[in-house]
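Visitor: Please show me the model. I have some questions about its labels.

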Amino acid sequence: MAARPYPFTAKRHTFPYTGNRAELTEREAPDPKENGWKDCHRLAEMVRYSGREEVRMGLMRFSVSLEEGLLRQFDAKIRNDRCPTRSKAVGDLIRANLVETEWRAGEEVAGAVVLVYDHHTRNVVEKLTEAQHDCHAAIISTQHVHLDHDNCLEIIAVRGRSAVIDRLVARLKAVKGLKHVSVAAGTTGARLP
């Protein structure tokens, strides 16, 4: 079997899918005689993009097989989202799934609870304040916005065990007079690369 041509010319390489240009030092450029294409797919050394700054990449390449229709839909979605590459889109999906897993596993998480209510509704403000005071350990801050003469938006930044935050959300949802309650599940970032 004939060896594949070495993909790097001099110290410059253009990545085929993204068109990103990179400059590799001699130490970082893979030697095709030793490991062939294996090292070319494992660019985990320092790479200089467009001569601006050095970044540690630590990237690994892997293959995914999908139905053609699913891939077309995925490509259309990432184009609409203005995502620069499939790799970034797949990485975002993986991170979102890991955050979801953190919430299900009861880990320490962070996020935001969003409420919309008519502040004229009897006792709604008092009940919301009472619920927040009872769960103060999980609340980092709140922001109150007047949407119009009647309606208010409240954003509650939370951090703590997901079970504690879920109890707070359940308690808030039980308050009569709320028009909307939702949770933006986030992460502390401690367990994500």
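Visitor: What makes strand 5 and strand 7 a pair?

Guide: This is a predicted model: local features need pLDDT of at least 70, side-chain atom pairs count only at pLDDT 80 or more, and totals for chains, interfaces and linings use all residues. Residues are numbered from 1 along each chain as its sequence is written, and side-chain values use heavy atoms, without hydrogens and water. Two strands pair if DSSP finds at least two bridges between them. Strand 5 (residues 108–118) and strand 7 (residues 151–161) have 11 bridges, in the antiparallel sense. Therefore they count as a pair. Strands here are DSSP runs of E, at least two residues; helices are runs of H or I, at least four; both are numbered from the N terminus.

Visitor: Which residue in strand 7 is the bridge partner of G111?

Guide: V158.

Visitor: How do you know that helix 6 packs on the sheet, and which strands are touched?

Guide: Contact means heavy atoms within 4.5 Å. Helix 6 (residues 162–173) touches strand 5, strand 6, strand 7 and strand 8. Its direction makes about 155° with that of strand 7. Axes are lines fitted to C-alpha atoms, for helices over the stretch in contact; angles run from 0 to 180 degrees between N-to-C directions.

Visitor: Why is C83 called buried?

Guide: Buried means under 20% relative accessible area, exposed over 50%, partly exposed in between (1.4 Å probe, protein chains only). C83 has 17%, so it is buried.

Visitor: How many disulfides does the structure hold?

Guide: The structure holds 0. A disulfide is a pair of cysteine sulfur atoms within 2.5 Å.
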